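Notebook open. I want to go through the pockets and then the greasy bits of the surface.

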Amino acid sequence: MPLVVVTTSPRVAPGLLSHQAWQALRSGPVLTGSAAHPQLPYLAEAGVEVQVVEPDPRGLAARAVAETVVWLAEDDEDFMRAVGHAAVALEDPPLIEVVPGSYDLPGARVLDLVAVMDRLRTECPWDRKQTHETLVPYLLEEAYEVLETIEQGDYPALREELGDLLLQVVFHARVAEGFDMDDVAAGIVEKLIRRHPHVFGSVRAESADEVNDNWEAIKAAERASKGSESVLEGVPMGQPALSLAAQLVRRAERAGAPESLSAGVGQGVARELFDLVRRAADAGLDAEAELRAAARAYSARVRAWEKH
């Protein structure tokens, strides 16, 4: 006889179970180890009787030898591992079948992060007192740590650093009073769909350059609809100077600004730096990244020199 283990995801609304799970739940006595299992009210409403028992790995495995038993699991991985060991130890071990009643879709763990952040904001004195302004240094720090792992090619560390950066996004969304994380996600989803008509609409784009041209045209139309007076609207002036200069040049020249506007900007070294940024852009290079690479190379040389 089989032991049928029905698993469910806490990130899916209780009661939303697969057809296979409903069939399994009606195939034999249903047991669970938790009286607070979120599925219990919905199973009771559907006429499925569930017996709450003390978790006993050996007893459950032995009972499944004589009859079909359904176990309604709930985050009890250690218990189920013990059941497996107990079943294997029997002379005539039962067949153990796992039936997913519900399972996570991609991105479902973000719900856990939102829930954890909500609890921290409510119960942790430090998290509770933070504002958008006090969180700014952490946002910048985490963004630069992500950049560093990419530049170093440390992709195993990238996973952790992206998580730290994602926390900052969720934190700001939780602090906000006029919107929440769902609004943040909805906004970027709408923007991505709107700016990718070659994917979600009937526009054709055969190359990355065409995609980029469409993107810029759509952005220009969006700015016009909002009454923006300048193509430089939205350029963050607080970013590092090299990347700021590059973004300003890129925005202006895409809008048709003459190259002569960048000539003679500033004085002395500032003028030379700005000209280098424009030249780098013309060559398809990122001036900020190029200088950072040179700085890393110089750092390596200094460290090597210190060892001699």
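Which element gives the most to the lining of the largest pocket? I looked it up: α12 does, with six residues. I'm working on a predicted model, where local features need pLDDT of at least 70, side-chain atom pairs count only at pLDDT 80 or more, and totals for chains, interfaces and linings use all residues. Numbering runs from 1 along each chain as its sequence is written, and side-chain values use heavy atoms, with hydrogens and water left out.

Largest pocket. I get about 600 Å³ of space in the largest pocket. Lining it are 23 residues, and Gln 239, Ser 243, Arg 250, Asp 286 and Glu 288 are the closest to its centre. Two or more lining residues come from each of α7 (132-152), α12 (241-254), α13 (268-282) and α14 (287-306). I sorted the lining by class: 11 nonpolar, five polar and seven charged.

Second largest pocket. I note about 320 Å³ for its volume. It has 16 lining residues, with Thr 8, Pro 10, Ala 73, Glu 74 and Asp 75 the closest to its centre. β1 (2-7) and α4 (77-89) each put at least two residues into this lining.

Surface. I found a nonpolar patch (over 30% relative accessible area, no salt bridge, nonpolar side chains joined within 5 Å). Its members are Val 110, Val 114, Leu 166, Val 169, Phe 179 and Val 184, together about 390 Å² of accessible area. I checked Leu 166, which sits in helix α8; it counts as partly exposed because its relative accessibility is 33%, and that class lies between buried (under 20%) and exposed (over 50%), with a 1.4 Å probe and protein chains only.

Notes:
Patches are made of residues with over 30% relative accessible area and no salt bridge: like charges are joined within 9 Å, nonpolar side chains (Val, Leu, Ile, Met, Phe, Trp, Tyr) within 5 Å. Accessible areas come from the Shrake-Rupley method with a 1.4 Å probe; for residues, only the protein chains shown count as cover. A salt bridge is a side-chain nitrogen of Lys or Arg within 4 Å of a carboxyl oxygen of Asp or Glu. Helices (H or I, at least four residues) and strands (E, at least two) are DSSP runs, numbered from the N terminus. On a 1 Å grid over the protein atoms alone, a cavity is a set of points where a 1.4 Å probe fits but cannot get out, and a pocket is an open set with protein on both sides within 12 Å along at least five of seven lines; lining residues have an atom within 4 Å of a point. Grid points are joined across faces, edges and corners, and a volume is the space filled by probe spheres set on the points. Ala, Val, Leu, Ile, Met, Phe, Trp, Tyr, Cys and Pro count as nonpolar, Asp, Glu, Lys and Arg as charged, and the others, Gly among them, as polar.
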